[in-house]
Amino acid sequence: MKKITVIGTGYVGLVSGTGLSDFGHQVTCCDIDEKKITALKNGQIPIYEPGLEEVIKRNIEQGRLVFTTELAQSIRSAEVVFIAVGTPQSDNGEADISAVLKVAEEIGQNLNRYKVVCTKSTVPVGTGQQVSQIIRENSNGSDQFGYVSNPEFLREGAAVKDFLWPDRVVIGADSERSFNIMKDVYRPLYINETPIVHTTIATAETIKYASNAFLAMKITFINEVANLCEAVNADVHQVAKAMGLDGRISAKFLHPGPGYGGSCFPKDTNALVSIAEKAGVEIATIKATIAANQAQKQRMVDKLRKLAGGDFTNRKIAVLGLAFKPQTDDVRDSAAIIMLRELYAAGADVTAYDPVAAESMRALFPDLNCADSWQAAVADADAAVIMTEWNEFRAMDLKMMKSMMKTAVLLDTRNIIPPADLERLGFKFDNVGRQS
Ligand code: UDX
């Protein structure tokens, strides 16, 4: 059992801190946001993440997980300090690491004994050196710490599972001592034979960006193949399935859609381009991925406009799904944002429905008209568009839908409704890379 402090109770910090306490460690989660900490102490979870509440409650009850705003004290009491504060995208595409550097100062000022300082936040290659330098400067040149880069690969909606059963753990460490301490932190995973990848710090930082950029590129590739399928009358699902049977390719992340969104892929692809530019290296694949993904989001708007008869003005449009993917209320960089923006700009009468993300989207579109069921959203609509593949949309009664709409027009940007069913019922429809 180790004494661990996690600084930052955002998505990554909260899930990691909770997961580490579930491994049996004594964990303190620290944040400067007093409201958030008070809420967490009372068992109120600020994000929607399946399974998280239960694991938090269990570990609070068993005395392994505490929440505090006392930064100095929580650093002093810990053997391992995780930095999990936000690294938002700054105007030039780079990650803004000011919060990470501020935490490094505090760690330096409270370096009372040997600690491992471990960065979980996604930071540009080279940040490790900067953090170590700042800790030394703020601790009279002390070397009583080891620095580790331990990137997270958590998917929203599956984050608890991803933390407790990861495909691999990457530990970029500057010394054997700090690596061995981190190995102990993740020891409970040995039972599942989880690979622990030991690298240098710069390599670990690069692994994170390369992994996310590759997945973003893979999705974008299948999206472009889907667009080609439309032109040559092929079916992208069969193409993807057969491609995925090749072990070198694998079937995952080959599902075509309206363009990736979320808190990671858009930010990390931009950051990787910026890192490469700074290093004087051309990274053409990722530049192309970013441009093609933007075009894919726009392409969905063009498809819907065409289906709706060429013009959105005063047309009643039902937008089904707002989150960037199911099982989350996160709408960051969701393809639905571009859709709503264009619908409003063209004077459409929009009614949206999402099981959990309506409030998050209202932060961007305060006047967004949200229904409380898909049925209420499609009632009397001229056209409907599925933007997120929530299970309840897969199970929609299409006959009922048709009878409720003014005209049975459906764009399925997630390919969750069998085209044959829509055809049989007489819908005018479209999707991504299948028949229409
Ligand atoms: C991602 C990475 O998977 C995770 O490892 C990393 O730490 C953070 O970024 P996340 O953003 O939560 O996780 O979601 P993910 O499930 O990867 O989906 C990202 C986007 O790609 C979503 O908009 C999703 O709809 C889209 N996507 C995903 C596709 O369009 N097709 C696919 O086949 C897979």
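Ala, Val, Leu, Ile, Met, Phe, Trp, Tyr, Cys and Pro count here as nonpolar, Asp, Glu, Lys and Arg as charged, and the others, Gly among them, as polar. The structure is a predicted model, in which local features need pLDDT of at least 70 and side-chain atom pairs count only at pLDDT 80 or more, whereas totals for chains, interfaces and linings use all residues. Residues are numbered from 1 along each chain as its sequence is written, and side-chain values use heavy atoms, with hydrogens and water left out.

The ligand is surrounded by 18 residues, the closest being Glu156, His255, Gly261, Cys264 and Arg414; a residue is taken as near a molecule if one of its heavy atoms lies within 4 Å of it. By residue class, this shell divides into nine nonpolar, three polar and six charged residues. The element that gives the most to the shell is helix α9 (residues 201-232), with three residues, where helices (H or I, at least four residues) and strands (E, at least two) are DSSP runs numbered from the N terminus.

For leucine 254, a backbone N or O atom is found 3.5 Å from a ligand oxygen. Taken alone, the ligand exposes 660 Å², of which the protein buries 92%; accessible areas come from the Shrake-Rupley method with a 1.4 Å probe, and for residues only the protein chains shown count as cover.

Seven aromatic pairs are present in the structure. Rings of Phe, Tyr and Trp (its six-membered ring) pair if their centres lie within 6.5 Å, and planes under 30 degrees apart count as stacked, over 60 as edge-to-face and the rest as tilted. Phenylalanine 253 and phenylalanine 265 form an edge-to-face pair, with 6.3 Å from centre to centre and 65° between the planes. This pair links distant parts of the chain, as phenylalanine 253 belongs to the loop between α10 (236-244) and α11 (265-278) and phenylalanine 265 to helix α11, 12 residues apart. Phenylalanine 253 is partly exposed, with a relative accessible area of 31%, while phenylalanine 265 is buried at 13%. Phenylalanine 265 also pairs edge-to-face with tyrosine 260, at 5.9 Å centre to centre and 85° between the planes, and tyrosine 260 is buried with a relative accessible area of 7%. Elsewhere, Phe23, Phe163 and Tyr186 form one aromatic cluster.

Asparagine 415 has a positive phi of about 50° although it is not a glycine. Asparagine 415 is found in the loop between β12 (409-412) and α18 (419-425) and counts as buried at 7% relative accessibility.

Definitions and conventions. A polar contact is a pair of N or O atoms within 3.5 Å; within protein, one must be able to donate a hydrogen and the other to accept it, and residues adjacent in sequence count only if both atoms are side-chain atoms. Buried means under 20% relative accessible area, exposed over 50%, partly exposed in between (1.4 Å probe, protein chains only).
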